[in-house]
Every structure is written in structure tokens, then in C-alpha cells.
Amino acid sequence: MTPDEPSVAERVRAVVDVHRGDRGALLPILHGVQAEFGYIAPGMVPVIAEELNLSKAEVHGVISFYADFRSAPAGRTVVRLCRAEACQSVGAERLVAHAKQVFGVKLGQTTPDGSVTLEQVFCLGNCALGPAAQINGKLHGRLDETRLDALVVDAETGRA
């Protein structure tokens with residue numbers, strides 16, 4: 001880091017400053033920090049807690065409660081598989097089992113090479129077109145194992 005670059009703590013404080021006066025500022029701050037860095041590192045928690053006069057446990061509790069917050073960087077491709085009832089009724093669990101086997105990780109984990117993060121969600125609002133997934137923020141429906149694999153390959157190669 002060059003002397004002109006702000007430290008991580010300074011960047012976190014800048015995000016806090018944007019939302020400091022907001023009612024219920026913690027969630028917007030956490031979203032802002034994650035948008036800035038891609039995740040909320042454990043070392044950022046004390047800075048946020050101090051700035052908001054909260055305990056580290058309170059901040060950590062919110063981060064760990066909400067599945068959208070990460071404490072480590074995500075893979076280059078993020079695959080979010082819907083496991084809501086509508087998707088389950090048309091094969092989501094088969095798709096989840098396939099993805100876990102293909103990527104060699106459990107839900108919520110990233111492959112060792114950092115290529116793919118596999119996550120679960122409980123509704124993508126695409127119930128009529130299940131099973132559904134979101135790959136790098138793009139929604140896909142009527143998935144089977146072959147189509148999921150192809151979409152992930154496309155995402156990894158920049159074709160998606």
C-alpha cells in the first residue's frame with residue numbers, strides 16, 4: 001500500500017460515516033463494507049463496533065445471522081441454488097447434491113482454487129421456473145445438472 005492509499009480501517013470508517021446518522025445504521029453499513037471490499041473481514045468488526053458504540057459480539061452476531069454477509073472473499077463465480085419448497089418439488093435437492101459433488105465443497109464454501117462459491121437461498125422469486133439458481137447475480141430457471149454445469153463454465157470463461 002502506498003502512503004496515499006487509505007488503510008482498511010479508514011475505508012471502513014468512510015462507509016460508516018455515510019450511514020452514521022441513519023436509523024438502524026448497522027445493516028446499511030455492513031452492506032456498504034461488503035460492497036467496498038467484497039466481504040467483511042473479522043478485523044473490520046472492531047472498527048465498525050467502535051464507530052457505532054456497539055460490542056464486537058453485536059456486530060458479529062448480525063454478520064453471522066444474515067446469509068448474505070461474507071467473512072471471507074467469495075469465489076470468482078458465485079452459484080446460489082434455491083432450496084425453497086417450489087424448487088424442491090421440481091428437483092432442487094438433486095441439483096444441490098450434484099453441485100456439491102462437482103465442485104467438491106459444501107454449501108457456503110468456496111473451492112480451494114477460489115473459482116466457485118456454492119451457496120443456498122430459500123427463494124429467488126422464480127418459483128414457476130424451478131429449480132432456479134443465481135449465478136454471479138444473473139437468475140436462471142428450469143435447471144438440470146447439465147444446464148447448471150454449462151452456465152457455470154460460461155460464467156467462469158466470461159461468456160455469461
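**Exercise 1.** Is Y66 buried, partly exposed or exposed?

*Solution.* The model is predicted.
- Step 1: Take the relative accessible area of Y66, which is 37%.
- Step 2: Apply the cut-offs: buried is under 20% and exposed is over 50%, with partly exposed in between.
- Step 3: Y66 is therefore partly exposed.
- Step 4: Y66 sits in the loop between α4 (56–65) and β1 (77–82).
- Step 5: Look at its partners. L27, F65 and Y66 make a nonpolar surface patch of about 310 Å².

**Exercise 2.** Find which residues of α1 are buried, and what they pack against.

*Solution.* 
- Step 1: Locate the helix. α1 covers residues 8–19, 12 residues in total. From first C-alpha to last, α1 reaches 17 Å, close to the expected 16 Å.
- Step 2: List the buried residues of α1: V12, V15, V16 and H19.
- Step 3: These residues cover an arc of only 100° around the axis, so they lie on the same side of α1.
- Step 4: Name the neighbours. The buried residues of α1 pack against α2 (26–37) and α3 (45–52).

**Exercise 3.** Describe the backbone at P131, N136 and R142.

*Solution.* 
- Step 1: The peptide bond from G130 to P131 is cis, with omega near -10°. P131 belongs to the loop between β3 (116–121) and β4 (133–135).
- Step 2: N136 is not a glycine, yet its phi is positive, about 50°. The loop between β4 and β5 (138–140) holds N136. With 40% relative accessibility, N136 is partly exposed.
- Step 3: R142 also has a positive phi, near 50°. R142 lies between β5 and α7 (145–157), in a loop. Its relative accessible area is 59%, so R142 is exposed.

Terms used: Residues numbered from 1 in each chain as written. Predicted model: local features only at pLDDT ≥ 70, side-chain atom pairs only at ≥ 80, totals over all residues. Heavy atoms only, no water. Patch = residues over 30% accessible without salt bridge, like charges linked within 9 Å, V, L, I, M, F, W, Y side chains within 5 Å. Areas by Shrake-Rupley, 256 points an atom, 1.4 Å probe, with all protein chains shown as cover. Salt bridge = Lys/Arg side-chain N within 4 Å of Asp/Glu carboxyl O. Helix = DSSP H or I, 4+ residues; strand = E, 2+ residues; numbered from the N terminus. Buried < 20%, exposed > 50% of the residue type's maximum accessible area, 1.4 Å probe, protein only. Expected span 1.5 Å × (residues − 1). Arc of directions from axis to C-beta. Contact = heavy atoms within 4.5 Å.
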